[in-house]
Amino acid sequence: YEICACLVGSEMCIRDRRNLALYLSKVARFDVSCSNHENQAGILLAFVYSVYEKGVTMSRVYNFSAGPAVLPEEVLQEAADEMLDYRGCGMSVMEMSHRSKTFAQIIEDAESDLRDLLSIPDEYAVLFLQGGASQQFSAVPMNLMKNKKAAYIITGQWAKKAYQEAQKYGEAVAVASSADKTFSYIPDCSDLDIPEDADYVYICENNTIYGTKYKTLPNTKGHTLVADVSSCFLSEPVDVTKYGVIYGGVQKNVGPAGVVIAIIREDLITDDVLEGTPTMLKWKTQADADSLYNTPPCYGIYICGKVFKWIKKMGGLEAMKAHNEKKAKILYDYLDQSKLFKGTVVPEDRSLMNVPFVTGDAELDKKFVAEATAAGFVNLKGHRTVGGMRASIYNAMPIEGVEKLVEFMKKFEAENA
């Protein structure tokens with residue numbers, strides 16, 4: 001009785017609390033569905049059951065992972081409900097043919113909802129691809145380097161990797177970089193020295209590792225803009241017509257790992273690609289086949305489609321932007337007044353999605369991550385090139401998650417100041 005009473009108010013790990021409650025119920029040979037309170041055994045069972053229920057309802061942690069990342073619980077529940085039998089077809093989406101009428105409807109609905117959310121013009125193709133955003137580091141130059149020259153703006157590891165990959169196919173020119181200050185800012189891109197014969201200008205719009213975001217797109221001086229938007233995709237309204245190509249891995253803000261969405265202006269989808277371009281990396285191959293040239297990542301596309309509908313239900317991209325701004329403000333406001341924690345990005349270039357911060361003491365950072373994890377705030381360890389911590393607060397992270405994280409940070413600061 002005393003053990004169970006203590007467990008109800010315990011701050012022990014949720015998983016340990018649940019497992020102990022289940023163990024006690026088994027030892028006492030009780031059925032946890034029973035509600036008999038007429039004797040001491042019934043009282044013991046009531047406490048065990050309440051602890052068990054608390055464990056069940058609180059078993060989901062606040063996941064601040066940079067990717068794969070948190071998804072809307074509503075979407076996960078819908079997917080769970082449809083796992084064995086998708087809308088009466090007698091099978092899971094995992095099992096069905098990508099050539100079936102049922103899946104055709106899934107991918108068509110997903111594209112239609114995405115077009116609605118972003119107001120994608122008809123002259124842009126929407127492709128559901130594989131290979132991660134990193135595969136597009138090769139596909140972009142292979143499809144676009146007509147003059148074998150391109151301009152790259154280096155604002156983090158992913159832009160740097162794309163730049164290095166492009167050098168295999170032509171002349172990649174770094175026209176701006178923020179490497180001098182560990183990518184903690186976005187360089188001035190209003191008057192760049194872009195080669196006149198450059199085929200495109202490339203950016204990574206939101207930098208997952210370093211927590212920076214372009215608030216104003218570069219002046220490309222008439223050149224095609226290509227943007228990797230993996231970690232800010234569908235976080236706010238976007239004018240698609242300002243880009244030639246927008247692409248991103250969905251595992252940050254839209255779905256499970258394994259899908260890349262590319263939105264490409266159709267005049268850029270041609271047979272005129274670099275010699276030796278693999279069939280699968282030729283955008284025209286995928287566009288002509290409506291993303292079904294080979295078996296696509298069917299289940300991932302299905303989840304993406306559900307996330308698109310969830311965003312529409314939440315009010316669309318304007319509502320998402322307001323939601324994300326509110327969350328980010330809570331965390332940044334605390335960081336700006338904290339005497340222990342400090343943000344690493346200049347205020348004007350801060351990302352709404354990825355918030356890196358440090359204490360300045362590596363051992364204290366390690367202690368914070370460990371204690372936060374034990375308290376149910378997981379995946380807060382920062383990237384090795386920045387150190388410290390990083391909270392990724394994508395669309396599906398509830399405001400409550402950020403509020404509780406800040407409460408925990410305040411408590412940690414008071415105990416470790």
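The model is predicted: local features need pLDDT of at least 70, side-chain atom pairs count only at pLDDT 80 or more, and totals for chains, interfaces and linings use all residues. Residues are numbered from 1 along each chain as its sequence is written, and side-chain values use heavy atoms, with hydrogens and water left out.

Start with the whole chain. It holds 12 helices and 14 strands. Both are DSSP runs, numbered from the N terminus: helices are H or I with at least four residues, strands E with at least two. Of the 417 residues, 52% are buried, meaning under 20% relative accessible area with a 1.4 Å probe, protein chains only. Contacts are heavy atoms within 4.5 Å. Among those with a separation of 6 or more, 68% join residues 24 or more positions apart.

Now go inside. In soluble globular proteins, nonpolar side chains tend to be buried together. A nonpolar core here is a set of buried Ala, Val, Leu, Ile, Met, Phe, Trp, Tyr and Cys residues joined through side-chain atoms within 4.5 Å. The largest has 60 residues, and Leu-234, Ile-261, Ile-263 and Phe-308 touch the most other members. Helix α9, residues 298-313, gives the most to this core, with 10 residues. Apart from it lies another core of 31 residues, including Leu-129, Phe-137 and Val-140.

Follow Ile-263 next. Leaving aside neighbours within four places in sequence, its contacts include Leu-118, Ile-120, Tyr-124, Phe-233 and Ile-246.

Ile-263 also lines the largest cavity, as do Leu-118, Phe-233, Leu-234 and Ile-246, among others. A cavity is a set of points, on a 1 Å grid over the protein atoms alone, where a 1.4 Å probe fits but cannot get out; lining residues have an atom within 4 Å of a point. The search finds 2 cavities of 30 Å³ or more. Val-70, Pro-72, Asn-253, Val-307, Trp-310, Asn-395 and Ala-396 line it.

Finish at the second largest pocket, with about 330 Å³ of space. A pocket is an open set with protein on both sides within 12 Å along at least five of seven lines. Its lining has 21 residues, and Glu-205, Lys-213, Tyr-214, Lys-215 and Glu-236 lie nearest the centre. Glu-205, Lys-213 and Glu-236 are also in the lining of the largest cavity.

Notes. Buried means under 20% relative accessible area, exposed over 50%, partly exposed in between (1.4 Å probe, protein chains only). Grid points are joined across faces, edges and corners, and a volume is the space filled by probe spheres set on the points.
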